[in-house]
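Here is a short briefing on packing and charge pairs. Have the sequence and the 3D view at hand.

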Amino acid sequence: MGTEEQNEDFQRLHQLIAGADDVKGFLEGMTRYAAAALSRTAGSRIECAVTLHRRRRRATIAGSSDIAILLDGVEQSLGDGPCLEALQTLQPVLLADTDNDVRWPAYSRSLAAAGSRSVLGVPLDLGNDASAALNFFAADTGLFTRETIDEAAVFADMAGQALRLAVRIATADLLASDLKAAMESRTSIDLATGIIMEQDHCSQEEAFTKLHQASANRNEKLRDLAEEILRARTSAEQAASSTHFDM
């Protein structure tokens, strides 16, 4: 894979991040793009799925097609195969021919029955908390040449970087959403405290204490009680405005 092609792939991965609604959407786009890229190099259709390993749990989380997800799921159910070995060794692992490879007999038989003759597992570097691997499937043998394997490894390196970025962005979005909710909650509590200060002619500290005590006595969340007070004040103001107009 030349420098220009690498730049194009990396730009495409970043476009996928920008265009995806969540990490899963990015992974689905990434596997489709990876499958198309290797299919061009191999000159024949290659499918791709991604497996995530985190906290002793493994799962197929996206694929270029339904058959890719199905084939990857076979390895997960058996608990043995090239993708899982790639996760352990952090090196590409090739099953070149299901008819001749004796390392995973049950897996090879299942693959052959599903129409896949060769598989390439390539690890993704995600840091310390998780690991992942791309699983490439071909209906024929001889498609995973040295050139194809090298391209898959380079793509996996870029995909790992892009996936780490996607996860950080998703985490930041979640934190921003939580912060926004917290700020909105704080605003409603502050406004409710102000209403109590006005009604009871007390300090802010005394008003907040009254609000907190009422929340505990009712076994109701502080924010919910605050919003209830705000709704009551709004209703009262609307009623007063309507009565004044009628007069």
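Leaving aside its neighbours within four places in sequence, which residues is F144 in contact with? The list is L38, I46, L94, S118, V119, L120, F136, F137, A138 and I149. Keep in mind that this is a predicted model.

**Nonpolar cores**

- The largest nonpolar core holds 30 residues.
- F144 is among the residues with the most contacts inside this core. The others named with F144 are M30, V50, L124, L134, F136 and F155.
- Another core, of 12 residues, lies apart from the largest one. Its members include A49, A68, L71 and V74.

**The network around R117**

- D97, D99 and R117 are linked in a network of salt bridges.
- R117 pairs with D97, and their closest N and O atoms are 3.2 Å apart. R117 sits in the loop between α5 (105-113) and β4, while D97 sits in the loop between β3 (93-95) and α5, so this bridge ties together parts that are 20 residues apart in sequence.
- R117 also forms a salt bridge with D99, at 3.1 Å from N to O. D99 lies in the loop between β3 and α5 and R117 in the loop between α5 and β4, so this pair joins parts that are 18 residues apart in sequence.

**Exposure of the three partners**

- D97 has a relative accessibility of 14%. Buried means under 20%, so D97 counts as buried.
- R117 has a relative accessible area of 28%, and is partly exposed.
- D99 has a relative accessible area of 54%. Exposed means over 50%, so D99 counts as exposed.

**Other salt bridges**

- How many salt bridges does the structure hold? There are nine.
- One of them joins R218 and E220, with the closest N and O atoms 4.0 Å apart.
- E220 is partly exposed, at 23% relative accessibility.

Definitions and conventions: Residues numbered from 1 in each chain as written. Predicted model: local features only at pLDDT ≥ 70, side-chain atom pairs only at ≥ 80, totals over all residues. Heavy atoms only, no water. Core = buried A, V, L, I, M, F, W, Y, C linked by side-chain atoms within 4.5 Å. Buried < 20%, exposed > 50% of the residue type's maximum accessible area, 1.4 Å probe, protein only. Contact = heavy atoms within 4.5 Å. Salt bridge = Lys/Arg side-chain N within 4 Å of Asp/Glu carboxyl O. Helix = DSSP H or I, 4+ residues; strand = E, 2+ residues; numbered from the N terminus.
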